[in-house]
Amino acid sequence: MPLPIGTTPYRTHHLGELRDTDDGRNVVLSGWVHRVRDHGGVVFADLRDRQGITQVVFQPDTDAEAHRTAESLKDEFVVRIEGTVRKRPAEMVNSKLATGAIEIVGHKVEILNRARTLPFAIEDESSAGEALRLQYRFLDLRRPVMRDNIILRHRLAQEMRRRLDAWGFLEIETPMLTKSTPEGARDFLVPSRLAPGKFFALPQSPQIFKQVLMVSGLDRYYQIVRCFRDEDLRADRQPEFTQVDLEMSFAGADAVMEVVEDVVASAIRVGRDVEVKRPFHRMTYAEAMSRFGSDKPDVRFGLELREVTAAAGRSEMKVFLEVVKGGGVVIGMRVPGGAAFSRTEMDALSAVAVSFGAKGLGWIKKQQGAWTGQIAKFFPDAVRAEIDQSLEMGEGDLAVFVAGAKRASQEILGRLRLHLGEQMKLIPQDELALLWVTEFPLLDFDAEARRWVAMHHPFTSPLDEDVPLLDTDPGAARSDAYDLVLNGSEVGGGSVRIHAEPVQERMFELLGIGAEEAREKFGFLLDALSFGAPPHAGLAIGLDRLVTILAGAQSIRDVIAFPKTQKGACPLSGAPAEVADAQLRELNIRLARTAPTDGGNK
RNA sequence: GGGGUGGUAGUUAAGUCGGUUAUAACGCCGGCCUGUCACGCCGGAGGCCGCGGGUUCGAGUCCCGUCCACCCCGCCA
């Protein structure tokens with residue numbers, strides 16, 4: 001479907017639109033000069049817009065003036081041309097272009113605007129450095145891959161809106177200037193001019209407001225909303241990011257998952273033209289940790305973990321015995337075909353494990369039916385057989401072992417699993433593996449602060465059957481929370497909220513948030529909850545990550561129009577920047593020290 | 001805050017053990033070319049080797065510091 005053109009003297013068609021059935025049609029086209037091929041006589045110019053590329057040919061013998069102008073065209077000039085569609089002879093068809101069956105015979109060219117020599121070429125396989133691309137983002141976004149990412153993002157967002165509307169969700173905006181929250185990430189602060197010395201915080205998420213909307217009886221809320229967290233960046237993380245945030249009343253986990261599965265499956269249908277299997281697979285946190293060593297497992301490949309503590313306890317391996325005696329675990333991972341690794345490769349692998357926090361990496365190889373490797377001699381035959389069976393060891397396989405505290409060992413081996421999966425190219429790149437991870441621990445013990453912290457957030461409900469544990473064994477209590485995982489990346493997370501006041505109070509108590517502090521920090525939510533709160537639950541989808549994966553991009557920066565660098569700066573706008581003294585005075589702010597000057601990098 | 005990789009022409013990269021005038025491709029400029037589509041051919045210009053300091057007769061190359069970009073740990077309920 002061609003886009004509507006509207007009323008304009010600039011064009012009758014877009015540049016991805018004309019086909020051989022348009023042969024003979026007189027057209028007006030406008031766009032950027034993508035490339036010029038000047039043959040001395042005939043001149044070819046590829047014109048580009050958002051829709052595609054169309055070749056225009058200028059002939060000196062029939063259109064002398066247009067040809068003269070065409071000879072002066074440079075890359076990225078903006079032009080308007082008048083011409084006639086001509087079907088190309090079979091041998092001149094360009095099958096790489098959607099419009100390759102035709103070309104435009106240019107009768108008139110008008111240069112609407114010129115362009116300076118570009119800092120980098122406008123082409124998909126641009127190898128320009130990211131810093132340069134961000135500085136000239138307006139050029140970077142002209143590259144078809146980047147344009148397609150932005151369009152994909154739009155289409156996913158539209159589809160999700162459409163589905164949420166169909167489910168009866170209302171799009172409601174919540175404040176950007178709000179209140180600092182005590183738990184969680186560092187806040188971005190905004191000074192208040194009207195209240196000297198006081199600050200707003202930008203929202204880390206609309207969490208509290210959306211719960212208040214449920215108390216208000218609006219029943220179902222959603223918002224595609226910017227959230228802010230002042231923490232260090234990663235490839236899949238930047239300080240401002242977008243969530244598809246939703247909350248629903250008289251609903252539990254199953255209701256939320258049903259809606260989200262529909263919304264996400266629809267988005268994937270639109271974005272990738274793929275039908276994903278529903279319902280999505282569900283896995284408990286405990287299973288995810290024991291099988292994959294991660295609470296967001298990438299299940300596109302094997303290399304699963306297997307605990308072999310009991311067998312290792314019957315070996316003669318001193319480190320294993322000590323760990324087992326101390327209540328720790330020994331976890332093994334079979335690497336099919338891994339016996340082929342050289343000694344150097346094994347040393348490198350051990351070093352990786354150590355860099356992940358392992359004390360060391362034990363390993364054995366199964367070759368010609370027997371165990372080889374330095375630690376093999378510490379295992380009696382019976383123990384070998386038991387481990388063989390447990391790990392399902394086959395000829396030519398490698399097994400690696402990590403010993404220590406349970407969660408830490410799982411995580412180390414989980415990371416080693418991802419490392420090997422990449423190194424051995426075991427991960428099918430085109431596959432989309434979606435699953436829910438459920439039954440997270442409600443609380444996590446912060447060893448440094450020596451107190452409980454909420455694993456999700458302080459309003460997450462425990463599972464009904466685990467409520468009594470809050471008084472007896474809080475660490476064992478599981479929450480009614482669920483994460484949506486796609487290809488080993490957390491793309492969504494949510495929970496059933498606490499709507500019973502006594503449970504909420506007990507929760508604050510456990511978190512060491514006193515009654516007064518709770519009132520001070522969350523007063524309006526607690527107030528709201530005391531005036532008839534419906535049971536409610538919700539979730540937020542990380543839009544940037546979802547689009548990144550569906551676009552096949554490497555970094556969320558490739559699906560955000562104007563992203564931040566790893567230092568949280570914007571090379572295009574120059575943000576963050578110093579402000580005038582007058583502005584600071586108006587806000588009652590005095591700097592403790594002035595910003596350091598730039599180090600002379602061009 | 002910590003670890004790693006990188007920074008050389010407009011761009012992307014090469015540059016050996018420290019040694020003569022710092023290479024190449026693309027881009028740019030000039031010329032030629034009437035069927036290309038990454039057009040082709042000939043010629044040319046273009047460098048604060050990120051920045052500062054040090055070692056040395058001599059530094060793109062070695063050392064120290066620093067800035068920037070990226071990846072990771074910490075951090076991110």
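A: Let us begin with two strands: β14 (residues 362-367) and β16 (residues 398-404) run antiparallel and are joined by four bridges. Helices (H or I, at least four residues) and strands (E, at least two) are DSSP runs, numbered from the N terminus, and two strands pair if DSSP finds at least two bridges between them. This is a predicted model, in which local features need pLDDT of at least 70 and side-chain atom pairs count only at pLDDT 80 or more, while totals for chains, interfaces and linings use all residues. Residues are numbered from 1 along each chain as its sequence is written, chains are lettered from A and ligands numbered from 1 in the order in which they are written, and side-chain values use heavy atoms, with hydrogens and water left out.

Q: What is the order of the strands in the open sheet?

A: In general, strands of a sheet pair through backbone hydrogen bonds, either parallel or antiparallel. Here five strands form an open sheet in the order β12-β13-β16-β14-β15, with antiparallel pairing. Its edge strands, β12 (305-307) and β15 (370-372), each pair on one side only.

Q: Which residue of β16 stands opposite Gly362?

A: Gly362 stands opposite Phe401 in β16.

Q: Which residues line the second largest pocket nearest its centre?

A: Rolling a probe the size of a water molecule over the atoms shows where empty space is left. A pocket, on a 1 Å grid over the protein atoms alone, is an open set of points where a 1.4 Å probe fits, with protein on both sides within 12 Å along at least five of seven lines, and lining residues have an atom within 4 Å of a point. The second largest pocket is lined by 32 residues, and Phe188, Leu189, Pro576, Ala577 and Val579 lie nearest its centre. The largest share of this lining, three residues, comes from α17.

Q: Is Val491 buried or exposed?

A: Buried means under 20% relative accessible area, exposed over 50%, and partly exposed in between (1.4 Å probe, protein chains only). Val491, whose place is in strand β21 (residues 489-496), has a relative accessible area of 2% and therefore counts as buried. Leaving aside residues up to four places away in sequence, Val491 touches several residues, among them Leu484, Ala540 and Ile549, where contact means heavy atoms within 4.5 Å. Of the 602 residues of chain A, 47% count as buried.
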